[in-house]
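Have a look at the model first, then read on.

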Amino acid sequence: MFRRLSKLTICDHLTTQIIPAQINLIRCSASARPTDNCKSAVPLEALSVAVPAHILNNEQQPQAIRNPTKSLEFLPWMPSPYTSNASGPLSQYKKLSKFRLTSLVVITTMGGYALAPAAFDLATFAMCSLGTGLVSAAANSINQYHEVPFDSQMSRTKNRVLVTGQITPLKAVGFAVVSATTGLSMLYFGVNGLTAALGAGNLFLYTSVYTPMKRMSIANTWVGSIVGAIPPLMGWAGCAGSLDAGAMILAGILYAWQFPHFNALSWNLRPDYSRAGYRMMAVTNPGLCRRTALRYSVAIGALSILAPVADVTNYWFALETLPLNAYFCYLAYKFHQKSDSGSSRKLFRFSLIHLPALMLLFLANKKHWYFKDDTETNDETVKSDKSLISALPKSTPSGLEKVLPVAVTEGSR
Amino acid sequence: MNRNSLPPRTISSLLKHWSRRYATEQTQATHAQTRPKKSPVYVGLTQPPEAESVSCDYIGPPDAKSNLRPYVRHYDENETEMAKKLRLLRIEVEKWNMDFWTKHNKRFYEEKDDFIRLHKLNGSEELTADQMSVFYKTFLDKNRRIHLMYNISWYLKNFDMLTLAFAVHVQSTVNRFRRKP
């Protein structure tokens with residue numbers, strides 16, 4: 001059953017910790033057929049030890065893998081679920097959930113929360129952000145689960161965890177289900193129903209509308225932009241309990257931002273997208289791609305000027321965002337005139353800076369800062385009239401009232 | 001070796017002899033050479049294993065033509081009915097996927113070469129990105145129906161594999177609890 005072994009040089013620290021029956025030993029010698037991935041400096045007596053993930057995770061990890069000073073080399077054929085470094089399952093879940101993209105989404109939600117015309121409540125703020133993060137992680141996992149063969153075709157995505165077999169599809173979907181349930185419950189019980197509904201709608205839109213549509217028609221970019229514009233609406237609804245014109249301005253800015261961002265990103269990947277079968281503007285209609293990037297970057301500028309009119313920010317905001325948006329429009333114009341890898345990369349990179357900067361400016365120029373309404377008046381009414389048992393708190397819509405009505409009224413006494 | 005001439009690495013000696021230590025400092029490269037070579041630990045296999053001889057599934061390097069990674073699905077004598085069904089389904093889906101993408105990629109590269117050759121015949125030397133876009137668009141349009149059919153089939157097969165994998169997982173967990181007490 002085992003391969004023929006001529007000479008064994010066993011790493012001492014490994015044998016004591018691995019059940020011998022489960023080791024596959026191959027003599028990796030210089031005379032063996034070298035595959036492309038085999039490192040060239042293969043010593044003659046090196047031994048390859050297959051350590052399947054269930055051993056790694058269940059029993060003591062071999063000293064070599066935990067000890068960072070030992071060099072670890074991965075050979076072409078790996079046991080299917082495996083962890084590629086000693087930092088454990090958390091790093092895999094981060095990759096599965098596209099952690100950096102999720103963080104950007106959470107930042108926009110926090111921005112929406114902070115901008116809403118209602119008092120800032122730390123508990124609901126935390127629940128809103130965490131809940132949105134979890135829902136976004138779930139959406140990204142399901143997306144990766146669906147797109148394994150397409151991701152393996154494109155060089156940008158061929159190292160994803162499901163493509164390289166580091167996680168099984170069942171585990172990925174399980175993670176998505178748990179994450180979505182936790183996130184949506186946090187939003188429903190910890191924030192309010194509107195936010196939870198928006199979160200559920202966004203999850204459905206991303207996994208069941210945008211993901212299949214990527215391969216069917218170029219209208220997927222518009223759907224994807226809506227997906228990107230909903231998180232700040234969730235933050236706003238989480239704070240204020242409802243959506244108004246100001247919320248629409250913020251969502252509109254985020255909707256418009258997606259176009260220059262994504263068109264610039266996809267411009268350099270046209271051969272890959274075409275071979276993998278994705279229908280993107282950059283491939284099927286490059287002229288439209290350039291025009292929308294320019295058009296929507298101008299729209300961002302226009303909406304930023306409208307923000308003070310809708311009472312979201314003060315008038316200084318319009319002045320401050322002018323240089324930022326002007327440079328963004330300039331880069332989009334350059335991309336429109338001469339679309340090549342240089343201009344598209346510049347536009348994409350600047351869009352990554354432009355969005356957080358815009359959110360910071362929004363925060364810095366917020367029209368009114370709403371603090372908690374005075375509780376003294378509440379206390380007075382309670383103290384003066386001893387028969388009054390409950391005085392309902394005036395201000396923040398706290399979702400906890402639904403779950404613990406008794407506690408809230410007791411606390412306000 | 002140089003190390004013997006260096007003073008001990010305590011704080012007081014560090015302060016006293018910092019100049020001598022600085023003078024005898026080895027660079028990264030020389031240090032790596034004088035350090036005894038650590039034998040690297042290899043994880044994994046260089047050749048695809050036999051299905052019966054391994055205790056877990058193995059995944060290999062991406063295939064050159066289809067860009068998909070091949071799997072070796074393991075099994076042993078106490079494999080249940082459902083686990084066997086899952087394994088055979090996975091093998092079948094992976095084979096189908098690999099066939100599709102091999103043929104698809106071959107078509108893509110052939111048509112791309114034809115397009116470039118045709119343009120070269122007409123006189124233009126190097127094709128700009130915009131000119132290549134014409135090819136990419138026609139390729140996508142021609143394959144629209146094939147892609148749609150593949151999409152639907154892939155989603156259904158993937159879902160089948162997922163539900164069966166879940167059932168097998170539940171079954172093995174239940175069996176493990178039954179066997180323990």
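A nonpolar surface patch of about 420 Å² brings together A:Met216 with B:Leu148, B:Met149, B:Ile152 and B:Leu156. Patch members have over 30% relative accessible area and no salt bridge, with nonpolar side chains (Val, Leu, Ile, Met, Phe, Trp, Tyr) joined within 5 Å and like charges within 9 Å. This is a predicted model, so to speak: local features need pLDDT of at least 70, side-chain atom pairs count only at pLDDT 80 or more, and totals for chains, interfaces and linings use all residues. Residues are numbered from 1 along each chain as its sequence is written, chains are lettered from A and ligands numbered from 1 in the order written, and side-chain values use heavy atoms, leaving out hydrogens and water.

**Salt bridges**
- A:Asp151 pairs with A:Arg160 at 3.1 Å, N to O; A:Asp151 is buried at 3% relative accessible area (buried is under 20%, exposed over 50%, partly exposed in between, with a 1.4 Å probe and protein chains only).
- A:Arg160 is buried too, at 18%.
- B:Lys137 meets B:Asp141 with N and O 3.3 Å apart, and both are partly exposed, at 33% and 44%.

**Cysteines**
- Zero disulfides turn up over all chains, the cut-off being two cysteine sulfurs within 2.5 Å.
- The sulfurs of A:Cys239 and A:Cys128 are 8.8 Å apart, too far for a bond.

Methods. Accessible areas come from the Shrake-Rupley method with a 1.4 Å probe; for residues, only the protein chains shown count as cover. A salt bridge is a side-chain nitrogen of Lys or Arg within 4 Å of a carboxyl oxygen of Asp or Glu.
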